[in-house]
Structure formats: structure tokens, C-alpha cells
Amino acid sequence: MADACNGIRRGGSSCAAVVDPPRPSRARHRQTPRKVGLLSVHTTPLAQPGTGDSGGMNVAVAALARQLVARGVEVDVYTRATADDLPPTVETSDGVRVHHLHAGPLTVDKSDLASHLCAFYLALAAHPTVDDLDVVHAHYWMSGWVGRKLRARRGIPFVQTFHTLARAKNDALAPGDTPESPLRLAAEERIVADADAILAPTPEEATLLRRSYGASPSQVHVAPLGVDLDIFGPDGDRHRGRQALGGGRIVLFAGRLQPLKGPDVAVRTLAALDRHLPDDGLPTRLVIVGGPSGSGFGTVDAPRLQALAAELGVADRVAVLAPRPQAELAALYRAADAVVMPSRSESFGLVALEAQACGTPVVAADVGGLRAAVGPASGTLVSSYEADEYAAALAPFLADPAHGAAAGAAGVEHARKFSWDRAADAALDVYTTAAADTALAQTSRGA
């Protein structure tokens, strides 16, 4: 990516004064931001999560925006226009304004989108709402590249959330997946160097940012994501949902169909379960909810997953369903006996949290944010991608209803610790500090 819109990076030496002028107090500048801009360049929070480039980040941006508005903050979300019929601005029922900016062709592969980031920045800088922003919060590295330019040119405090980091993904590639590019690695390093603050969902990501990206301890703030407890909860007709899925024992996989998420491992796990469950005539089913996404998705799209199931002799017990609204997804969580998440990398793992909130145990890979998202009594972490090990971990929840119910109840309690209320409060506190520090620095320069 040519740095055509290159701005001034922070850092560097300065001449030492003989006598330093009095430093203005940060407290004098500490005011809650009135207007916040959220950058989501490559995907809109209005999209249905679970397919294409839409996923947990979409959920997070939408939920954060909604909670900020509820606290009296004006929120403008800036994303790329992807269709001719999109209105320039959409105001949601929650009062969030989503602006569609034209930057490059309407249809662009995600791998080529970086070449249009300068065009997005120019469209953003010219937008009439930008001058009033008190803070800009960028989501994902592409948005961060734009956010750092806005900070350099306009002096707007810049907060970053990565959602995924290239180094973490490259260290845990699935077979058939494509490594993240050197361009992204370099961009992430620049973003860390220029961000006023970085929000990390887990202590593990915060450590990675400090050790591998050179982030300062004061720059990184751990702020767990949340779950909408009004939608994802244990109350609902489980029996009816189970019957709609065919009855028997039900394992659920929810996520985009890409090697990173491991839907193929879920299919192999279903076949392996026959060796771990009693031969009582009760069928065990796998329900996959998601759409194709990401590099290498052709290796795990719906037809190939069905072909794999046929090869393993379980095709009649595998259903692949399209992504669906959150309320419908919650009903599927409640209908399942357990949720399986054999992901190679997860910055947080919202699916795990949503499932537990619905009272469903989770068996997940022992990676990244899943270590924080899965409660100690509400699921099991697996440290390999062998189907037999996932089957062994799932079997107790499927074969012993009392054990599954106890784990489900523990999951509900665990999920209650994570709410979007808390996530928004943490973000707003970081915004306030970033804005105060920027105002203090500007006052000091003026003095």
C-alpha cells in the first residue's frame, strides 16, 4: 500500500528547554466526549454477521455505538459504500448514524481493499460531520490506517481496536489458509506507534501488543467485549427448537465458513463422536450456521462440508444453515446440547459468550480470547485440532443431561460478567482520557 496520504508520525527528539513551563492539568481538560466517530472501513455494522466479511466485529461496533448513544454521546459510523442503492446516511432506530463513503469500486475483494484506503481517507476528511468529532475509534487494521491519518492531519484523538492481529493469525494458520501480508504487518506496527490508546479484549492480546508491536503499557487498555443479555438468555422453548432440528443430541457450530474457524473439524468431530457415545439409538446431529468467508473458504464451503460429511458417513446428520438474525441464533444456541468452536485464532470469541448466555456448554480451542470467554465450569478447552479430542470433550455434555445442565447454568452466570454496558463504560473512559491528553498536549505546545 503506497502511503500516499502519509501524515506526521509521533515521536522523535526535541530540543530541551532550560526551564520547563508549568504543565497544564489534565483534569482541567477531562470532559466526556460529546461526539465520537467509529471507523469500520471494510464492513458495515448494518450487515448480517456470519457471512462475507461480517462477524463479531460487526456485532461489537453496532453494540458499542448503541450503548454510547444511550449515554448521550452522538455516534457517527463511517464505512465504505458497496452498492449504488445505499443512501449516503442511515440513522438506525437507536439513533446511530451510519455513513457510506465512496472509495474505489463498489465491489472490491478484501485482499485488494488496502489500495483504496487513501480514497476512503479523503472521503472521510471531506465529510461534513468530521470536524465536530471529539474522538475517532477505528476497528480493524484498515480502519486504523485511516484513523492515524485523520489524527495526523486534524489532531483528532485516535483510539484503536484491532479485533484480530496479523501476527496471531499467521502463528496459527489452518491448512488451506493464506498468511496475512507483510503490508498488513507493517500497517499494524504504524497504527500502534500512532494510536493515542488501544483497546484489547483480553490480557493476552494486550501482552502481544506490548511484546511484539512495541505498544507502551499506558497505551493499551484491556476492555472485554460484551454480550446482549436481552437477546441471549436461557429462557426459551428448547424442546420446540430441538424438534425443529430433528431431535436427538445436537452439536452447534456458528461462524463464518473459513479454515480459521474450523468447520471441517466440526464435521470430523461428529463422525468421531460415535466412538464416545452410548449406542442407544439416539442420533447425534451437527448444525452449522454460517456463510462462506475469507481466504481459502472454498476448502470449507457448504458443498465441500457436505461432501466431507458424506465421505465420513454422517451426511444425513449434518445441516448447514444460512446466517440469521441474533434472536434466531439465540434459539439455535438454546436448542443445542453443546457448541463447538475449533478455531485456530480468536481475539475474543463472541459465539462462546453468546452460547453460554443461553445456557449451552462450549467446547472450544485453547487459543486467544477463548481462554477468557469460556468459563471454567461451563465448557472445555481443547489444545489440538484432532477430531477425537473434541469428541471426547463433547461427550460428557451430550451423554449426561445433568452434567450438561450444570455446565449450562454455570455458563449463564459466567456470561453475566460480560455486558455491553461495561464495554461501553470502559471505552468511554478511554476516549475521555485520550481527549484530555490531546488537549493537554495542545495547550502545552501553545504555552
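**View 1. Ser 378 and the residues it touches.** Leaving aside residues up to four places away in sequence, Ser 378 touches Gln 356, Pro 361, Val 362, Ala 407, Ala 410, Gly 411 and His 414. Keep in mind for this and every other view that the model is predicted. One of these neighbours, Gln 356, also has a side chain joined to that of Ser 378 by a polar contact of 2.6 Å. Is Ser 378 buried or exposed? With a relative accessible area of 1%, Ser 378 counts as buried, because the cut-off for that is under 20%.

**View 2. The open sheet, strand by strand.** Here we have six strands in the order E11-E10-E9-E12-E13-E14, paired in parallel. Which strands are at the edges? They are E11 (318-321) and E14, and each of them pairs on one side only. On average, and ignoring direction, neighbouring strands of this sheet are turned by 20 degrees against each other.

**View 3. Strand E10 and its partners.** E10 covers residues 284-289 and runs parallel to E11, with four bridges joining the two. Look for Val 289, which stands opposite Leu 321 in E11. E10 also pairs with E9, again in the parallel sense, this time over six bridges. In that pairing, Phe 253 has Ile 288 of E10 as its bridge partner. To get from E9 to E10, the chain passes through H9, making a right-handed β-α-β crossover.

**View 4. Both faces of E10.** How many residues of E10 are buried? Six of the six are, so the strand is largely enclosed by the rest of the structure. Both of its faces are covered: one side carries Thr 284, Leu 286 and Ile 288, the other Arg 285, Val 287 and Val 289, and all of these are buried.

Methods
Residues numbered from 1 in each chain as written. Predicted model: local features only at pLDDT ≥ 70, side-chain atom pairs only at ≥ 80, totals over all residues. Heavy atoms only, no water. Buried < 20%, exposed > 50% of the residue type's maximum accessible area, 1.4 Å probe, protein only. Polar contact = N/O pair within 3.5 Å; in protein donor to acceptor, adjacent residues only side chain to side chain. Contact = heavy atoms within 4.5 Å. Pairing = 2+ DSSP bridges. Axes fitted to C-alpha atoms, helices over the stretch in contact; angles between N-to-C directions. Right-handed = clockwise from strand over helix to strand, strands pointing away.
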